[in-house]
Amino acid sequence: MSVRGADVFVVATHAHPVNESILELTLLLDAVKRASAKRITAVVPYFGYSRQDKKGLSREPISARLVADLISVAGAHRW
């Protein structure tokens with residue numbers, strides 16, 4: 001089945017193990033983007049690292065923003 005020119009929905013949750021799930025999602029998004037999908041929507045019911053959306057201490061990373069940027073750079077137009 002070809003996704004060329006189609007609207008594609010990629011459904012993936014960031015369940016245990018979270019890092020592997022995030023990598024799997026970004027690989028799927030990249031594959032769909034390279035297959036020339038028109039618009040890619042990532043449906044993520046459970047967003048990994050979502051509780052790290054603000055700094056608790058100084059010099060602490062905001063991991064939720066990084067994961068969101070990964071999803072966008074991998075090819076998702078909306079999520």
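Going from the N terminus, the elements of this protein chain come in the order β-α-β-α. That makes 2 helices and 2 strands, where helices (H or I, at least four residues) and strands (E, at least two) are DSSP runs numbered from the N terminus.

Some conventions. This is a predicted model, in which local features need pLDDT of at least 70 and side-chain atom pairs count only at pLDDT 80 or more, while totals for chains, interfaces and linings use all residues. Residues are numbered from 1 along each chain as its sequence is written, and side-chain values use heavy atoms, with hydrogens and water left out.

On confidence: pLDDT is the predictor's confidence in each residue, from 0 to 100. Its mean for the protein chain is 90, and 99% of the residues reach 70 or more. Helix α2, residues 63-74, has the lowest confidence, at a mean of 90, and strand β2, residues 39-43, the highest, at 97.

Now the whole chain. Its C-alpha atoms fill a box of roughly 45 × 20 × 15 Å along the principal axes. Of the 79 residues, 32% count as buried; buried means under 20% relative accessible area, exposed over 50%, and partly exposed in between, with a 1.4 Å probe and protein chains only. Taking contact as heavy atoms within 4.5 Å, residues 24 or more positions apart account for 67% of the contacts with a separation of 6 or more.

The strands next. β1 and β2 pair in the parallel sense over 5 bridges; pairing requires that DSSP finds at least two bridges between two strands. Phe 9 has Thr 41 in β2 as its bridge partner. Strand β1, residues 7-11, has Val 8 and Val 10 on its covered face, with Asp 7, Phe 9 and Val 11 on the uncovered one. In a regular strand, side chains alternate between the two faces of the sheet.

In helix α1, residues 18-34, we find Leu 27. Leu 27 counts as exposed because its relative accessibility is 54%.

Finally, the backbone in the loops. Pro 17, in the loop between β1 and α1, is joined to His 16 by a cis peptide bond, omega about -10°. Ser 36, in the loop between α1 and β2, is not a glycine but has a positive phi of about 65°. Tyr 49, in the loop between β2 and α2, also has a positive phi of about 65°. Most residues other than glycine have a negative phi, and most peptide bonds are trans. Ser 36 is partly exposed at 32% relative accessibility, and Tyr 49 is partly exposed at 31%.
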